[in-house]
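Let's take a friendly walk through this model together. Have the sequence and the 3D view open side by side.

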Amino acid sequence: MTHKFYNNLIVQSIFLMSVLIIVGLFIPNWLVFVITKAIAYGLVALGIVTLMRGGLVSFGQGFVFAIGGYTAGLLGTQAGLTDAVLLLFISFLFTGFVGLIFGPLLARYRDIFFAMLSLAFSMVLYGVLIKIDAIGGSDGFVLPESTYFGILPSSDYADYALYVVSIILTGIVSVLLRYYYNSTPGLIALAVRENELRVEYLGASAFRVTVLNFTIAAGLGGMGGALNGIALGHIDPEFSYWTTSGEFVFISILAGYLSVPAVFLAALLLELVRSFSGRYFPDTWQLILGVFLILSIIYIPTGIGSFFKKFMDKLNKKKNE
Amino acid sequence: MFDEILTIFLDGAIYASWLFIVALGLTFVFGVLKILNIAHGGIYALGAYSTATLVPIFYSLGMPEELVVLAMLFSALAVAIVITPIMERVILRRFYGQDEVLIVLVTYAIYLVLEDVQKIIWGMKSFYVSEPREILGAVEMGSLYYVGYDLALIGLAIFCGLALWLSLNKTKSGKIVLAVIHNPEISGCMGVNINKVYLAAFFVGAFFAALAGSFTAPLISVQVGISVAVVIESFAVVIIGGLGSIPGAVIGALIIGMARAACVHKLPEAEIFIMYLCMAGMLIFRPKGLFQGAQARKI
């Protein structure tokens, strides 16, 4: 990968970000909210995708999602810190740190055992959160309104302000992750996915790469949790429940591990299906979601990202000719 | 003191036997088909609902009270007969041989669908069928009184476990299933119809889930949301015992049942997460569970 690739990538991302920010001014408020929520879910799924590149799927990202959300919430209510950017950043760092602690423990497991152990951790956290009455127990608590660099936006623009922040954040994260995916540890992860033992024989540490991936995934999950909490203005133990984690896995499987933008597209797709079926078929939205899920796994087994990659490959081929 | 220990022991055993019947189906399906079935909880709920529907019909027909067990068995059987072809033949068979975690996600999707199917068929209201619980009367244990039906559940669990274990190890068709578990491809070459074995195994698993549902229905109020807890609890059991192991499911169910009963009596705050703690602890110290042998690594 050359400098030109990254220059292009950065220019493209800045372009896309500006388009989305301008578009945000003209679309209805509910759609702004849905996109912000999709970004929150997409960030967590991006963490799972990072793990997936190393051949692992976590069924317990609700664990970091909840930690991130509660970090932002508690800083807001207890410490009076309401700056959205700062909250997102601190949640990212803190859950990343948590990931660094749990990473070495989880990195020893593979396949279904990794999935189940991460699930167990998230459910332990769920059980604990439900029992701590000081932070609302099973009801959770309400977050104070967020400020942006010292400014408290009027209620008409609160959603939009968060939307802008999350778009910019996502742009930065996506570019950085592309750098990481193409770096040495990022590429070793792909090799671990193919054959871990051979990677070890070649002298690279699959364990270290997995811990690194897990830490990144945890940070992203925490940031997603904080963003989701701020967007909803409320947080509760459901953040850590296994059905929430299931949705993240769904997004990442739908997106596949080949493309970063595909993750956000998949997240948006899920949010749209959820809000439309929630609105028009309130009693059967799970049914619609389930059928949608099964069909997409049957017909796009490698994820939306594989379309993106095919398209880009074709484009590059044409250029070379 | 003695009473307290006996209470914890009996409560734990009753809870464990319920959990064991659910987990037995789950672990058997995983053993044969290599599918960790989240929708198992959904089948359990369907079993409970169908019992809640059939038992009042059974009484209204004026049948003798003692035979109500037959109605419960029949409802479990009906659920398994309806659900197996749809789930195994139509959906799951497309995913055989694929990544286990992907299949978990597929069963999660089926679970979501089943949740709403319950709401569509039975609505949001709660059902109570406590009549079958009274047929065995009360049993005196020292200074304690227990409902006979609850204690009979322990017997049912033992019967189910023994029946499955014996038919696997002592009959010809059971040995064929064991061969398929060991190596599906070679068994296929030897003339075993693997598709049939998978279908039968899934049927047995679904039947146990529905059976647990029908026999639990008299103890609880059957309502929306009963399946969600069962999923993770039965996961915890099979993870502790080792995926695909019947003795493992016994031990796993006993550990979780006793731990939970002890918590209910001694440390109620921990009741909700004790089983996840058991599961996490077991995975940390023995990741493959108590009863799973070494597996060769592929190079």
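In which helix of chain B does A52(B) lie? A52(B) lies in helix α2 of chain B, where helices are DSSP runs of H or I with at least four residues, numbered from the N terminus. The model is predicted, so to speak of local features pLDDT must be at least 70, and side-chain atom pairs count only at pLDDT 80 or more, while totals for chains, interfaces and linings use all residues. Residues are numbered from 1 along each chain as written, and chains are lettered from A and ligands numbered from 1 in the order written.

A52(B) counts as buried because 23 C-beta neighbours lie inside 10 Å; the cut-off for buried is 20 or more other C-beta atoms within 10 Å, with C-beta atoms placed from the backbone. Beyond its neighbours within four places in sequence, A52(B) is in contact with F127(B), V129(B), A217(B) and V222(B), contact being C-beta atoms, placed from the backbone, within 7 Å.

Now turn to α3(B). Its buried residues, including A71(B), V79(B) and M87(B), pack against α2, α4 and α8 of chain B. α3(B) bends by about 35° at I83(B), and P85(B), a proline, follows within four residues; the bend is the angle between axes fitted to the seven residues ending there and the seven starting there.

Finally, look across to the other chain. 34 residues of chain B are in contact with 34 residues of chain A. On the chain B side, α4, α9 and α11 each give two or more residues, and the largest share, 16 residues, comes from α4(B).

Note on methods
Two residues are in contact if their C-beta atoms, placed from the backbone, lie within 7 Å. A residue is buried if 20 or more other C-beta atoms lie within 10 Å of its own, exposed if 12 or fewer, and partly exposed in between; C-beta atoms are placed from the backbone.
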